[in-house]
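Hi,

Here is the structure I promised to pass on. Have a look at it first, and then read my notes below.

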Amino acid sequence: MSSDLSEQGTSASGAPRSRSVMKWVLMVGLVTFFAGLLFGYDQGVIAGALAGVKDSFKVSTFASEVITSWVTLGALVAALVAGIAADRYGRRPMLLVAGLLFIAGAVIQGVAQGAEVLVVGRLITGFGIGFASVVAPLYAAEMAPPRIRGRIVSTYQLAITFGIFCAYLISDLLESSEWRTMFLVAAVPGVLLIITTMLIPESSRWYVKVGRGADARRSLEKVTEPSEVDQALSTVQAEVADETADGEAGWAEVFSPRMRKALIVGIGLAIFQQITGINAIIYYADKIFESAGITSTAAQTKATLYCVGLTNVLATFVAVAYIDRFGRRPLLFMGLIGMFVSLCAVAMGFATQSTVDPGAGTSIVGIITMVGLVVFIASFAFSLGPVVWTIISEIYPGRVRGRAVSLATAFNWGAAFLVAQFFLTLTDGIGEAATFFLFAAMCVLAFIFVWRYVPETRGRSLEEIQEMWEQDGAIADWEKTAPRH
Ligand code: BGC
């Protein structure tokens, strides 16, 4: 999706100016927004709903983990097929499928009379998230005018964080016994996603790929100034011709030695984004606050809403504003340091709690945990959250981008699944302190990984990024020689 993020073809095209173009760009933005919102909402809702579900169905810790984590399992499977399906059937049909899955999942979860049916609903919602997480940014990046495309990925992340915030807000407004309503609410943006998707045109790039030039022009005419349509169309045609010159790229090409470094960077980042603990906190925030001694459910939901939900949204703005100014690596380094320090603080808080009189230690641990989680979430939100998705979207050559992005996304969900599935078991087994120290240790590994393997892609065109992969030597050497923009 990111030749878009390169400078290619940007010269003649600019940000939208005429009213009609503005209207269509806004529609594209809305579709991306609803997809991100649903993604976030369905991830975040479990934090508030879990307590009520547990009361209704009297489920074990393991079953709670399954109810929480099977969303990510569904997302993993769907992410793997989403790229290929979107290439075969188009972006719009896949967005419609995602919308339908979101609605079906919401209804099944909302009316479930037992844990098994609830898990089926979670899985279906997960399929929706998996499709949306691959197809929505792809569609948006292909349809947005070049000059504003760079902002799309972090804006998409913003929609995700807003979705999580909305889920927390609804949980705060409702009693935990009203968990069915919490799930059902997701059907509303699902319907809105379907309505807006029906109004938007299919991606012009997809039309060009399948040889429907006239349709591609009609689609481009909606989001491009009339005087720039010809230029935009020939740019897309040239790019697609280039990408498909040697026929369709298959999985063999994705796994070829030439792609190895880029594959390791994308998959490594995708995994580190999860094993440093973000979704343990997004999903289980209420429970973490409870363990830290915040006993009232109302206080837990408030802490989750503001410390996690609101901080996440606000700090993502920092990334949107600075990702192209500071660069990817500095944001990752700063974020990982903040995450490391805060995780250690939370871990130390929990460690102290178990060694001192619980009555006396409780409130201090509660405060440390709250402050620690604010710093953790903020550090993640301006770094690993958006930057990982941005890098993944820009490091692969067009020919293999769809498959490679799907693969990295699937690894991301796979790692998210492991964390969601085993977090409670881990805290039951080795305790909160050790678990948070483990996440902190992963931050150290992530730091070393970024330091050694992840190139700075800020301001570089796709071609320069591809040339870089072909050079031997460490990232640091390339850093010195590559042009600055
Ligand atoms: C991650 C999600 C996470 C979200 C939190 C995203 O970048 O991929 O797993 O829940 O950030 O804001």
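What follows is a quick tour of what turned up. Please keep in mind that this is a predicted model.

Let's start with the ligand. Which residues sit around it? The list is Q43, Q157, T161, I164, Q273, Q274, N279, N312, F380, G385, W389 and N412. For Q43, an N or O atom of the side chain is 2.6 Å from an oxygen atom of the ligand. Q273 has a polar side-chain atom 2.9 Å from a ligand oxygen, and for N312 the distance between a side-chain N or O atom and an oxygen of the ligand is 3.0 Å. How much of the ligand does the protein bury? On its own the ligand would expose 310 Å², and 100% of that is buried by the protein.

Next, have a look at G277. You'll find it in the loop that runs between helix 13 (260–275) and helix 14 (278–291). Is G277 buried or exposed? G277 is buried, because its relative accessible area is 0%, and the cut-off for buried is under 20%. If you skip the neighbours within four places in sequence, G277 is in contact with F376 and F439. There is also A416, which is 139 residues away from G277 along the chain, yet the two C-alpha atoms are separated by 8.7 Å.

Now for the charged pairs. As a reminder, side chains of opposite charge can pair when their charged atoms come close. How many salt bridges does a search of the whole structure find? The search gives ten. One of the pairs is K302 with D172, where the closest N and O atoms are 3.0 Å apart. K302 counts as partly exposed because its relative accessible area is 40%, while D172 counts as buried because its value is 19%, with the cut-off at 20%. Apart from its neighbours within four places in sequence, D172 is in contact with T301, K302 and L305.

Another salt bridge joins R217 and D230, with 2.8 Å between the closest N and O atoms. Here too the pair links distant parts of the chain, with R217 in helix 10 (residues 213–223) and D230 in helix 11 (residues 229–243), 13 residues apart. R217 is partly exposed, at 30% relative accessibility. R258 also forms a salt bridge, with E253, and the closest N and O atoms there are 3.6 Å apart. Finally, D87, R91 and E142 are linked in a network of salt bridges.

Which residues make the nonpolar patch? I337, F340, V341, V444, L445 and I448 do, and the patch covers about 500 Å². Helix 16 (328–355) and helix 19 (398–453) each contribute at least two of the patch residues. F340 belongs to helix 16, and F340 counts as partly exposed because its relative accessibility is 31%.

Cheers

Conventions. Residues numbered from 1 in each chain as written. Predicted model: local features only at pLDDT ≥ 70, side-chain atom pairs only at ≥ 80, totals over all residues. Heavy atoms only, no water. Patch = residues over 30% accessible without salt bridge, like charges linked within 9 Å, V, L, I, M, F, W, Y side chains within 5 Å. Areas by Shrake-Rupley, 256 points an atom, 1.4 Å probe, with all protein chains shown as cover. Salt bridge = Lys/Arg side-chain N within 4 Å of Asp/Glu carboxyl O. Helix = DSSP H or I, 4+ residues; strand = E, 2+ residues; numbered from the N terminus. Buried < 20%, exposed > 50% of the residue type's maximum accessible area, 1.4 Å probe, protein only. Near = heavy atom within 4 Å. Polar contact = N/O pair within 3.5 Å; in protein donor to acceptor, adjacent residues only side chain to side chain. Contact = heavy atoms within 4.5 Å.
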